[in-house]
Amino acid sequence: MNDRRWWLFPPIAWLLVFLALPVAVTASKAFSAAGVEALASPTTWRLVGVSTLVAAVTTAACLVAGYPVAWCISRMPERRRRWVLFLVVLPFWANLLVRTYALMTMLRPFSVLDTWFAAVFGLWHGWLPFMVLPLYNAIEKLPPRLAEAAADLGAGPAQVFFKVIVPATMPGIVAGCVLVFIPVLGAFATPEMLGGAQAFMAGSRIQLAFLSGRNPEAGAAMTLVLTAITLLLLWGYRRVHRSEGLL
Amino acid sequence: MSRVATTWTIGVLVLLWVPIVLLAAFSFNEARFATTFTAFTLDWYVRLFEDRELRGILVNTLVVAGGSALLSTVLGTMAAMGLRGTFAGKRVAAGLVTLPVMIPDIVLAISLLVLFRAGGIPLSLGTALVAHTTFNLAYVAIVVSARAESLDPSLEAAAMDLGCTPTQAWFKVTLPALAPAIASGALLAFTLSFDDFVITYFTTGPGDGTLPVKIFSMVRHGISPKVHALATLILTGSVVLIVLARALAGTPKEVRT
């Protein structure tokens, strides 16, 4: 059934022209004189550091908030479980910009807009479903008596959680963290709208470089750095997480 | 333990939904700058529908969403078909097909912008359509592939034993079996395209904004109930589409993003 592989030709060709080629052209721009200058500049790396920190904080907040939620949902009766999962996932499909705008409206009276806090809160709000779903999938697969067995063998509640439950659900934790960290690293609209000038991340730098038209090479350099970090993370992720499906 | 987890879950859900509910509520509020609800009105919606420019933008949005949904459904289904089974290089091919889902939006947007500029292609609705097709293709492939993998390959073989050509077998057996997943993928693609901001923002021409791009620029001029109304309409539209897409895909055993 080798002829089946012919199906792949059109989509792969499309992705080579409109994904691989653009990334390659961007990389070549990043290695132009102005691009290399930006790559060598401490400002670029400070922004990469800030974005990485924001992404790490957001990911941690999503993990802490999302784990009990995923746990709780997996222990619900079947019918209610589907409804609550739907409530968690639905905002993810709803327009991110509209949701960010809704947060702007909600946060306005508290006068925390245009701060890092608002930006991270918005990112947490936006990407929490990405964390809950893989966690839920991992927790749901746990044998229901696993915790009981560990407790019978003398483990305290904290030991049960950190020595048994957490390692057993590690694939879900890793998947959730990757799925939140990557998009937040390159976030642009949310920090721009909620964090204002204070929450200036890599995405805003890229936007400024291209749309002000002053230094697209510097923007290409920043884009290349984000691409490299993403590909590295995905490569590591695929090494530890081998799934039978596409994701 | 479980009581704490339940309370926590309710708290998180409230935090997720309160802004959305507030937004919708305030789109029916009469007062322009109020933080409290004064009186019910549909005035902001009426103003929205009277806005000529907005109607043009809506058409832009629908053209890009419809066009890219169509193209990406064909390409994504092909990818899902080609990725069935195991073969050398599957991991690389699957990695490439799902990459648009995984990379940050801004990376895809900027890379395409750089490509279009390098090729001297002026930005337009067409370039936005190409960009949307690229990320939608991946989503359609994931949705269709979930179904295609569970499809018994001996069905197609049986059809061919009974005298079908491979093409006939595909159209008469495989396609009908995949149809719900394909339709679900198409709806999903339409919704994602309709909702996209970052990629559209960078790959569309100056006069060819879509609704999310319009919201972004409206927000810069301050919050108004008219934006509330527009946002509420977009939200309702995408929720309806997503519910439809899920109903079509059936309820899979495992929940997927």
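Modeller: A salt bridge here is a side-chain nitrogen of Lys or Arg within 4 Å of a carboxyl oxygen of Asp or Glu. By that rule, the interface of chain B and chain A has zero salt bridges. The model is predicted: local features need pLDDT of at least 70, side-chain atom pairs count only at pLDDT 80 or more, and totals for chains, interfaces and linings use all residues. Residues are numbered from 1 along each chain as its sequence is written, chains are lettered from A in the order in which they are written, and side-chain values use heavy atoms, without hydrogens and water.

Biologist: How do you know how many residues take part in the contact of chain B and chain A?

Modeller: Contact means heavy atoms within 4.5 Å, and 87 residues from chain B and 81 residues from chain A take part.

Biologist: What makes up the area buried between chain B and chain A?

Modeller: Carbon and sulfur atoms give 80% of about 8,100 Å² (accessible area, 1.4 Å probe, that two parts lose on being put together, summed over both).

Biologist: Why is α4(A) called roughly antiparallel to α6(A)?

Modeller: The axes of helix α4 (residues 78-93) and helix α6 (residues 116-140), both of chain A, cross at roughly 150° and come within 9 Å. Angles over 145 degrees count as roughly antiparallel, so α4(A) is roughly antiparallel to α6(A).

Biologist: Which residues of α4(A) meet α6(A)?

Modeller: A:Arg81, A:Leu85, A:Val88, A:Val89 and A:Phe92 do, and their partners in α6(A) include A:Phe130, A:Leu133 and A:Glu140.

Note on methods: Axes fitted to C-alpha atoms, helices over the stretch in contact; angles between N-to-C directions. Helix = DSSP H or I, 4+ residues; strand = E, 2+ residues; numbered from the N terminus. Parallel < 35°, antiparallel > 145°, perpendicular 65-115°, else oblique.
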